[in-house]
Amino acid sequence: MIVTERQHRERTHFDRVYRRAERTQHLRIPPHDLRRYGRCDDWRTYGKECAFHYLKPLAGRELLEIGCGTGVDSVLLAANGARVFAYDVSPEAVEIARKRAEVNGLADRITFVVACDLSAAFAGRRFDRVFGNTVLHHLDLTGFNDKVRSVLRPEGVAVFREPVVLDRWLRRLRRCIPWYPSNPSPDERPLDRQDVAALCRGFAGVELRQFECLSRIWPLLRSSWLIDCLHRWDRELLEGVPWSRRFASVLVMRLTGHCPSARETP
């Protein structure tokens, strides 16, 4: 397996993060999370629920998960009926993910491997679904769009949830915005409009939904009531005022249908 310098930095960083985190990992997924991401009642309000909603139906589908981390989403996807094939660049993360699948009784529905590239993770295999949750902003996206289409079956669906900075002035002011990842890796950065356009190119069906404009400050808050209110205010703002979408900090993409001439922008 050929590992680039960037991939090596990411692996080293996340091995260190997950080695420290292993002692505090709660491996069993709470029942309310299983219900929440099975039903997705608030998919218009929360980005992760939207991503799971866009992946439906999952029963009987084979799904490739990019950058599975410690397997939380892998277990949720398998619990909703998917046959999950998941990979991550970090061996430490994959080891925790395997333990999580076993604890939750879903080890027979999830295959984990350590890999650096989606086309090499399960070489020669194609999938009904391709999914990535806050992982693409860690990657070199050169040629990534072509790789996704090469592993996706003709009627398949690709869904990604990513941090974004879509407005150029906001990008310049980003250091003043109180949102920072808890464990940033050396190469990660939010996606911009050009990144999103490149990811969408070649797909006939493109759905983009923005989240977390006002609620981008939620990591700084302790009140669950206020956090919930901010997310719901964002839903009303982003649905009712189209120009506000350029200030969202999270984007969910649903991509379907191969179409080499398709060009979409957010």
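**Figure 1. Proline 57 in the loop between α3 and β1.** Proline 57 is found in the loop that connects helix α3 with strand β1. In this predicted model, the peptide bond leading from lysine 56 to proline 57 is cis, with omega near -5°.

**Figure 2. Packing of helix α3 against helix α4.** Helices α3 (residues 47-55) and α4 (residues 72-79) pack with their axes 12 Å apart and at an angle of about 40°. That angle makes α3 oblique to α4, and the crossing of the two helices is right-handed. On the α3 side the contact is formed by Lys48, Phe52 and Leu55, which meet Val72, Asp73, Leu76 and Leu77 of α4. By class, the residues of this contact comprise 5 nonpolar and 2 charged, with no polar ones.

**Figure 3. Strand β1 and its pairing with β2.** Strand β1 (residues 62-66) is mostly covered, 5 of its 5 residues being buried. Burial extends to both faces of β1: Glu62, Leu64 and Ile66 lie on one side, and Leu63 and Glu65 on the other. Strand β1 runs parallel to β2 (residues 83-88), to which 5 bridges join it. Within this pairing, leucine 63 has valine 84 of β2 as its bridge partner.

Figure 4. The 7 strands form an open sheet with mixed pairing, in the order β3-β2-β1-β4-β5-β7-β6. Strands β3 (110-114) and β6 (203-211) stand at the edges; each has a single partner strand, so one side of each is left without a neighbour in the sheet. On average, and with direction ignored, neighbouring strands of this sheet are turned by 15° against each other. Aspartate 88 stands opposite valine 114 of β3. Helix α9 (residues 193-200) packs on the sheet, where it touches β6 and β7 (250-258), and its direction makes about 25° with that of β7.

**Figure 5. Surroundings of cysteine 213.** Cysteine 213 lies in the loop between β6 and α10 (224-240). Its relative accessibility is 14%, and cysteine 213 therefore counts as buried, the limit being under 20%. Beyond its neighbours within four places in sequence, cysteine 213 is in contact with Asp234, Leu237, Leu238, Ser244, Phe247 and Ala248. The C-alpha atoms of cysteine 213 and aspartate 234 are separated by 6.1 Å, although the two residues are 21 residues apart along the chain.

**Figure 6. Packing of helix α1 against helix α5.** The axes of helix α1 (residues 5-21) and helix α5 (residues 91-103) are 7 Å apart, and the helices pack at an angle of about 45°. This places α1 oblique to α5. Arg11, Asp15, Tyr18 and Arg19 of α1 meet Pro91, Glu92, Ala93 and Ile96 of α5. The residues of the contact divide into 4 nonpolar and 4 charged, with no polar ones.

**Figure 7. Two non-glycine residues with positive phi.** Cysteine 40, although not a glycine, has a positive phi of about 55°. Its place is in the loop between α2 (31-39) and α3, and cysteine 40 is buried, with a relative accessible area of 2%. Threonine 134, also a residue other than glycine, has a positive phi near 50°. Threonine 134 lies in the loop between β4 (127-133) and α7 (144-151) and is partly exposed, with a relative accessible area of 34%.

**Figure 8. The protein chain as a whole, for orientation.** The secondary structure of the chain comes to 10 helices and 7 strands. Of the 266 residues, 49% are buried. Among contacts between residues at least 6 apart in sequence, 77% join residues at least 24 apart.

Definitions and conventions. Residues are numbered from 1 along each chain as its sequence is written. This is a predicted model: local features need pLDDT of at least 70, side-chain atom pairs count only at pLDDT 80 or more; totals for chains, interfaces and linings use all residues. Side-chain values use heavy atoms; hydrogens and water are left out. Axes are lines fitted to C-alpha atoms, for helices over the stretch in contact, and angles run from 0 to 180 degrees between N-to-C directions. Helices (H or I, at least four residues) and strands (E, at least two) are DSSP runs, numbered from the N terminus. Angles under 35 degrees count as roughly parallel, over 145 as roughly antiparallel, 65 to 115 as roughly perpendicular and the rest as oblique. A crossing is left-handed if the near helix is turned anticlockwise from the far one by less than a right angle, and right-handed if clockwise. Contact means heavy atoms within 4.5 Å. Ala, Val, Leu, Ile, Met, Phe, Trp, Tyr, Cys and Pro count as nonpolar, Asp, Glu, Lys and Arg as charged, and the others, Gly among them, as polar. Buried means under 20% relative accessible area, exposed over 50%, partly exposed in between (1.4 Å probe, protein chains only). Two strands pair if DSSP finds at least two bridges between them.
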